[in-house]
Amino acid sequence: MCGIVGFTGAQSAAPILLEGLKKLEYRGYDSAGIAVMADRKIAVHKVTGRISNLCEKTGDGSKVPGTTGIGHTRWATHGAPTEENAHPHLSNDGKFAVVHNGIIENYMSLREELIRDGYHFESETDTEVIVHLIEMFYRGDVREALIKTTNRLRGSYALGVICSEEPGKIYAVREASPLILGIGLGENYFASDVTALVNHTRNVIYLEDGEFAELSEDAIRIFDCTGQVISRKATRILWDVQAAEKGGYEHFMLKEIMEQPGAVKATIAPRIKNGAIEFEEMGLSVAEIKNIRNIIITACGSAYYAGCAGKYAIERLSRIPVDVELASELRYSDPLIDEHTLLIVISQSGETADTIAAMKECKDRGAKALAIVNVVGSSVAKLADYTVYTWAGPEIAVATTKGYTTQVTVLYMLAVFLGDKLGLIGNRKTQMIHSLQSLPRQIQQAFDLNSSIPALAKKYHASKSLFFIGRNTDYAVALEGALKMKEISYLHAEAYAAGELKHGTIALIEEHQPVIALCCNPSIMEKTLSNIVEVKSRGAEVLALTFRNNHKILSVADDLLFVPDIDPLFSAVVEIVPLQLLAYYVAKENGCDIDKPKNLAKSVTVE
């Protein structure tokens, strides 16, 4: 899911491919490889770990002859980070090599079909089906073989392909995954990110979904899914290299906030099949589900708050009691756990020390562990009885954004999955799945509705402290919203259950105290409104987060943030987005190091 590059020209390809892969390192990866064509043969070199290992293996490319090649940095999704699973992948006859970003949703059925037809698989990846399909369809015309292959694929992909029978050519294909063509003088390139190109050319062509490209050293030809040639104008890149790595955004955090519609879609889309949610990789049977008497969710930081948000939906739809425990507390609490307990462990990195320790403690007491992680082959994934990957892609910024939203998304899908298997949701399933599928679009709408956030940040950035309040899921989102604010802006920020204000916290409300009130659940709107009136009467300034056209709140709030009309059961994924943006712009106003907040680490691997 990380990065691909391709080159053809008069120069040696391997050093250029390695340089391009180094430019993509910021995206995160766990293995890398290149395939270079020379004398009508394709040589593949792959490693696990850093690109420096690949440079050492290939003598910085000097040991790999050839002027045409493709390269890849892999963030493992299907299969552990091993050399066998690293890209590029070769066809059985050795004529084709492929690199791929994205996810092939129907790879299992294609794999079974290809095995029946006699094709041998070297890896566990979804990608390898692509290169075998190309071999199967090839009859002397690579373009035709690619069209037939992509007609069989469901999912997202940016592909780079070379064929030993067509020296000097590379092929590129795009469907729902970025791919850019670079135009040089006597040489041409492709890459998944402009970062890999800007040192060589700033003239690029952006491929659109469903388009193919054939590149030789002196020409680029683009064609559609019928093979018809398309005319496309080049674009001049004006960014510097650092800006290019961030996709033009000032910070990685902002880039990752804006990537959330795509990340949430990548989490949802492959798991909805035939009108139902399927977790093929999890392997949790109906009999095992019926054996569950209680669920404990454990995690740290934002992953813990994701569990707090997911709890409401799981209990509502499965009617199984859910407790959410901080891993650092659970491991020392002598928990009441047995073989009827399902432990849900959430970790972006899969290496969080307290979470791993809590997981071991609970498994020793008989619990089955279900891991929700982003990193394939991580410690948490290996320890778990069942594993679900978020497929969020790498996060560079220390403060998580798309990691949190994809974790909550998995919990929401799990809630529907459990309720369905237990026969508790009946004909509501179709509407629930539609609500889940709408989340990426609603996140985008949340961006569109809140252009005022930079101005609001100017108003609130100098506050000594901010209070976040809400009820039910709104309260769970308030916890994560307050954490984002304190993590990157260094302002004191606390979240409180709105109904608890009068039990002590309201003593802290004074003139001009900012209170951020979350009001996104119509069924408890009146209750939260009464809490807003309480703090307003004591001089607070209220910034309310609510759905569009909520006229009741207009008369009491000083400022407003909006979300589109959303299903309250699955609202956290959308609600958090304006609060992420608010924290970002407040931190920017305060001149903070947004991507690397002081005293924090991305993965907490010590207690």
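A salt bridge is a side-chain nitrogen of Lys or Arg within 4 Å of a carboxyl oxygen of Asp or Glu. The structure holds 29 salt bridges. The model is predicted: local features need pLDDT of at least 70, side-chain atom pairs count only at pLDDT 80 or more, and totals for chains, interfaces and linings use all residues. Residues are numbered from 1 along each chain as its sequence is written, and side-chain values use heavy atoms, with hydrogens and water left out.

The overall form comes first. The protein contains 21 helices and 27 strands. Helices (H or I, at least four residues) and strands (E, at least two) are DSSP runs, numbered from the N terminus. The radius of gyration is 25 Å, which agrees with the value near 25 Å for a compact globule of 607 residues. This radius is taken over C-alpha atoms, and the globule rule is 2.2 Å times the number of residues to the power 0.38. Along the principal axes, the C-alpha atoms fill a box of roughly 80 × 55 × 45 Å.

Of the 607 residues, 60% count as buried. Buried means under 20% relative accessible area, exposed over 50%, and partly exposed in between (1.4 Å probe, protein chains only). The accessible surface comes to about 23100 Å². Carbon and sulfur atoms account for 48% of this surface. Accessible areas come from the Shrake-Rupley method with a 1.4 Å probe; for residues, only the protein chains shown count as cover. A contact means heavy atoms within 4.5 Å. Among contacts between residues at least 6 apart in sequence, 72% join residues at least 24 apart.

Helix α1 (residues 13–23) shows how a helix can be covered. Its buried residues are A13, A14, I16, L17, L18, G20 and L21. The cover over these residues includes the strands β1 (3–8), β2 (31–38), β4 (68–74) and β10 (188–191), along with helix α2 (51–58).

Charged side chains form another group. The protein has 62 positive and 75 negative side chains. Lys and Arg count as positive and Asp and Glu as negative, while His and the chain ends are not counted. The centres of the two sets lie 2 Å apart. Each charge is placed at NZ of Lys, CZ of Arg, CG of Asp or CD of Glu. Side chains of opposite charge can pair when their charged atoms come close.

K148 forms a salt bridge with E144, and the closest N and O atoms are 3.1 Å apart. Both residues sit in helix α5 (residues 142–150), 4 residues apart, about one turn of the helix. An α-helix has 3.6 residues a turn, so residues three or four places apart point the same way. K148 counts as partly exposed because its relative accessibility is 35%. E144 is also partly exposed, at 37%.

K402 forms a salt bridge with E259, with 2.8 Å between the closest N and O atoms. K402 lies in helix α14 (residues 402–421), and E259 lies in the loop between α7 (252–258) and α8 (260–268), 143 residues apart. K402 is buried, with a relative accessible area of 5%. E259 counts as partly exposed at 25%.

K536 and D558 also meet in a salt bridge (3.0 Å, N to O). K536 is in helix α19 (residues 525–536), and D558 is in the loop between α20 (551–554) and β27 (559–563), 22 residues apart. K536 is partly exposed at 29% relative accessibility, and D558 is partly exposed at 36%. Elsewhere, salt bridges that share partners join R143, E166, K169, E214 and R221 into one network.

The loop between β4 and β5 (89–90) holds P81. P81 counts as partly exposed, at 27% relative accessibility. Leaving aside neighbours within four places in sequence, P81 is in contact with D30, T48, R74, A76, V376 and G377. P88 is also in the loop between β4 and β5. The peptide bond from H87 to P88 is cis, with omega near 0°.

Most residues other than glycine have a negative phi, and most peptide bonds are trans. N274 has a positive phi, near 55°. N274 lies in the loop between β16 (272–273) and β17 (276–277), and is exposed at 80% relative accessible area. H512 has a positive phi of about 70°. The loop between β24 (492–497) and β25 (514–519) holds H512, which is exposed at 52%.
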